[in-house]
Amino acid sequence: MKSLWTALTASALALTACASGQGSLTESGVPTVSGPTVVAAFYPLAYAAGRIGGDRINVIGLTPPGGEPHDLELSAAQVAQIASADLVLYVKGYQPAVDEAVAQQAADHSLDVSADLALLPAASAADDSATDPHVWLNPLNMAAIGSAVASRLSTVDPANTKAFTANDQSLTASMSTLNDTYVAGLANCRSTQMVVSHEAFAYLGAAYGLRQVGISGLSPDAEPSPSRIKDVAEIVAREGISTIYYETLVDPKVARTLADETGAVTAVLDPIEGLMADSTQTYETIMAQNLATLRAGQGCA
Ligand SMILES: [Zn+2]
């Protein structure tokens, strides 16, 4: 409970409008349209909400740009937003503070967008029943998330069902095209093992025939042990891996050290857990960039 309430005195309404430019919210946090207010726990969900709701909804992102969402802590103002939203979008098991606030404040107006997806086990977690939350890195999962959001928004705001359905079809078409590009782009690669900062890429790997080797496990902040770094260095040498991927929101120190030790190079592979501050990118543009990075790094023809 403490983490939810300690920020009470600060009470700065650190609201972040949907960074894709779709969906709308003013700086002051006052909704700009009369439609439903959707709280999105982190960027890809804000993107999905924006694509489905367009300018018919207000989107509030809980994770600020540049912030790392795994260990997000919520201010009292954010908990109040969760309580008063028309719909809260989240992935259960990804952000403990959001899980807790949703259970207490939004049980009747929240959607765990991973509920109907085929989930992969969390490979490195201590708990066997834990699942991997990084579902959004498979575009077909994003299409399914969009459909779930459209269906739920139509219940919240039936008058706009037609628009939500049309936007759902548009998002599904975009994600299908993106999926086709990935299938073609990763069909013939010299190396099928990708060494990544943290294990965010299982869904992407499963969809396109790549296997991730995570340096620091499921959470980006987990400090890798010296023995884990040694193991990964051995895999890099044995498999002739040329590129070690690091990510935008996390210190690349370990990836760089490993690259120096093994003679590999580093490249940014973005798990799209959040946007950098002032980013003009979207889920789709980052996914396209990731594909180009993977094709170069994995030696794909
Ligand atoms: Zn992650």
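Visitor: How many bridges join strand 8 to strand 9?
Guide: Four, and the two strands run parallel.

Visitor: Which residue is the bridge partner of I244?
Guide: T266, in strand 9.

Visitor: And the side chains of strand 8, which way do they point?
Guide: Strand 8 covers residues 243-246. T243 and Y245 point one way, I244 and Y246 the other. All of them are buried.

Visitor: Where else is there a right-handed β-α-β unit?
Guide: Strand 2, helix 2 and strand 3 make one. Strand 2 (residues 37-40) pairs with strand 3 in the parallel sense, over four bridges. T37 stands opposite N58 of strand 3.

Visitor: Strand 3, then: are its residues buried or exposed?
Guide: Buried, on both faces. N58 and I60 sit on one side of strand 3, V59 and G61 on the other.

Visitor: Switching to helices. What does helix 6 pack against?
Guide: Its buried residues pack against four helices: helix 2 (43-53), helix 5 (139-156), helix 7 (202-208) and helix 10 (283-297).
Guide: F164, N167, D168, L171, M175, L178 and Y182.

Visitor: Why that kind of spacing?
Guide: An α-helix has 3.6 residues a turn, so residues three or four places apart point the same way.

Visitor: How far does helix 6 reach?
Guide: 36 Å from its first C-alpha to its last. Helix 6 has 25 residues, 161-185, and that reach is close to the 36 Å expected at 1.5 Å a residue.

Visitor: Now the core. Which residues have the most contacts inside the largest nonpolar core?
Guide: A40, A49 and L89. That core has 79 residues. Helix 5 gives the most to it, with eight residues.

Visitor: Where is I272?
Guide: In the loop between strand 9 (265-268) and helix 10. D278 lies in the loop between strand 9 and helix 10 too.

Visitor: Why does I272 count as buried?
Guide: Because 24 other C-beta atoms lie within 10 Å of its own, and 20 or more is the cut-off for buried.

Visitor: And D278, buried or exposed?
Guide: Exposed, because D278 has 8 other C-beta atoms within 10 Å, and 12 or fewer counts as exposed.

Visitor: New spot. Where does S219 sit?
Guide: In the loop between strand 7 (211-214) and helix 8 (226-239). S219 is partly exposed, with 16 other C-beta atoms within 10 Å.

Visitor: What does S219 touch?
Guide: H70 and H198, leaving out residues up to four places away in sequence. S219 and H198 are 21 residues apart along the chain, and their C-alpha atoms are separated by 6.2 Å.

Visitor: How about A83, where is it found?
Guide: In helix 3 (residues 76-84). A83 counts as partly exposed, with 15 C-beta neighbours inside 10 Å.

Visitor: Which residues does A83 touch?
Guide: Q105 and A106, not counting residues up to four places away in sequence. A83 and Q104 are 8.5 Å apart, C-alpha to C-alpha, and 21 residues apart in sequence.

Visitor: Zoom out. How many helices and strands are in the chain?
Guide: Ten helices and nine strands. The chain has 301 residues, and 45% of them count as buried.

Visitor: What share of the contacts join residues at least 24 apart?
Guide: 62%, among contacts between residues at least 6 apart in sequence.

Visitor: Last thing, confidence. What is the mean pLDDT?
Guide: 88 for the chain, and 88% of its residues reach 70 or more. Over residues 1-23, though, the pLDDT is below 50. That stretch still has 54 contacts in the model beyond near neighbours in sequence.

Visitor: How should I treat a stretch like that?
Guide: Where pLDDT is low, the predicted coordinates should not be read in detail.

Definitions and conventions:
Residues numbered from 1 in each chain as written. Predicted model: local features only at pLDDT ≥ 70, side-chain atom pairs only at ≥ 80, totals over all residues. Expected span 1.5 Å × (residues − 1). Contact = placed C-beta atoms within 7 Å. Pairing = 2+ DSSP bridges. Core = buried A, V, L, I, M, F, W, Y, C linked by C-beta atoms within 7 Å. pLDDT = per-residue confidence, 0-100. Right-handed = clockwise from strand over helix to strand, strands pointing away.
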